[in-house]
Amino acid sequence: MVRFSEMDSKALQEYREGLLKRYEDFKSRNLKYDMSRGKPCQEQLDLSIGMLDVTDYKSYDGTDCRNYGGLDGIPEAKQLFAELLEVNTDEVIIGGNSALNMIYDTIARAMSFGVSGSEVPWGKLPKVKFLCPSPGYDRHFAICELFGIEMIVVDMKSDGPDIDAIEKLVYEDEAVKGIMCVPKYSNPDGITYSDDVVDRLAGMKTKAKDFRIFWDNAYAVHHLFGKGDRLKNIMKACKDAGNEDRVFVYTSTSKISFPGAGVAAMAASKANVSMIKKLMSVQMIGPDKMNQLRHVRFFKNMENIEEHMRKHAEIIEPKFSAVLDILNTELGGKEIAWWNKPNGGYFISLNTLDGCAKKVVAMTAEAGVLMTPAGATFPYGKDPRGRNIRIAPTLPSIDELKKAIEIFCICIQIESINSLLLTK
């Protein structure tokens, strides 16, 4: 296919007419497809339905999980998550069903009380800044914005965030207290941080003594298309660099079992865990231990979790392949859109021509396909180039998905032609 930029105005207008006819045909069907978030489909949720048959209520140490207590989790849940995160059991705290909730709580505590090593609570400082690799996770940005934390965009590269820029910012500015990371199959680019990036994050010199890495390893076992990527252990890297208190690691079973009824966990140094548990003891009496028990009895060990995730991959790999095939068929060679092929995770990240993303998403919505809002993958919802769109293929059926992506590609082409005609 010839590049759109090489077509003259008349050829572009004629091509657009054909696209508009296809668009109006889809629009007349009154379709309603939701691709706004990375939700598992029903077939994925059904994989864990056997968990609901677990009726045991006593943990291995004899604790009655129906009662109060167990602030940081039952022993077998801590052991399972320690395996998943490659840490020690005494470095693990089990939470409710959401890692995002645990991140929120960590930041709320830091704002009110500081972190281990803080001289004053972050909330009493004139300004608190976080580095935000972008495109990134919109809900991370929403938490920062809610707490009045100034967000600084750091560009994502093929091996992770721009580590040269990060090292400079944290070395020069004491107000930079944290960085938000989705280090494996990043949301939305699907990038896994390289060993070099992990080591440099762990060992870099920071002006703030209480700088923290918020390491949201949401897709630790969510592989696609084969063996998947390997992520270096950030906890070990921080210990080796003499900065063991630097990192908070998070994960959950939200996209392993049930998003609304999973189990979340965090890992941190013993000093961090001690401080967090002390504050948690006032906040709550204990989490949902029955849900922890159900998960442990159902999954038992990492080998079973990995087998379970292979079943997830069997369901969603065809969906990712369908999206990639249609993108290539409709857009390949036209130089109006660029996208990634992730080895895991839940998203495909696509860049349009500069300034086209919002128009594409709006036009797609008019035809009945709901996408993540353009700009959501950047702090404050402001994509500096107006080009990034997050595609979430998992929820629709394969037939729905094919129609949705065809509509999406039609809209990209129409808005690209509109943009190019302005320069002709």
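Predicted model: local features only at pLDDT ≥ 70, side-chain atom pairs only at ≥ 80, totals over all residues.
1. The largest pocket holds about 660 Å³ of space. Its lining is made up of 29 residues, and those closest to the pocket centre are Lys184, Ala220, Val221, His223 and Asp229.

2. Three helices each give at least two residues to the lining of the largest pocket: α3 (75-85), α8 (234-240) and α11 (302-331). The largest share comes from α11, with seven residues.

3. Sorted by class, the lining of the largest pocket has 13 nonpolar residues, eleven charged residues and five polar residues.

4. Which domains line the largest pocket with at least three residues each? Domain 1 (4-44 + 306-422) and domain 2 (58-300) both do.

5. The second largest pocket has a volume of about 530 Å³. Its lining counts 22 residues, and Gly38, Tyr137, Arg139, Ser254 and Lys255 lie nearest the centre.

6. For the second largest pocket, helix α4 (99-113) and strand β8 (247-252) each contribute at least two lining residues. By class, this lining has nine nonpolar, seven polar and six charged residues.

7. The second largest pocket also takes at least three lining residues from each of domain 1 (4-44 + 306-422) and domain 2 (58-300). In short, both domains contribute to the lining of the largest pocket and to that of the second largest pocket.

Terms used
Residues numbered from 1 in each chain as written. Heavy atoms only, no water. 1 Å grid on protein atoms, 1.4 Å probe; cavity = no way out; pocket = protein on both sides within 12 Å on 5 of 7 lines; lining within 4 Å. Points joined across faces, edges and corners; volume = space filled by probe spheres on them. Helix = DSSP H or I, 4+ residues; strand = E, 2+ residues; numbered from the N terminus. Nonpolar A, V, L, I, M, F, W, Y, C, P; charged D, E, K, R; others polar. Domains from an automatic or database assignment.
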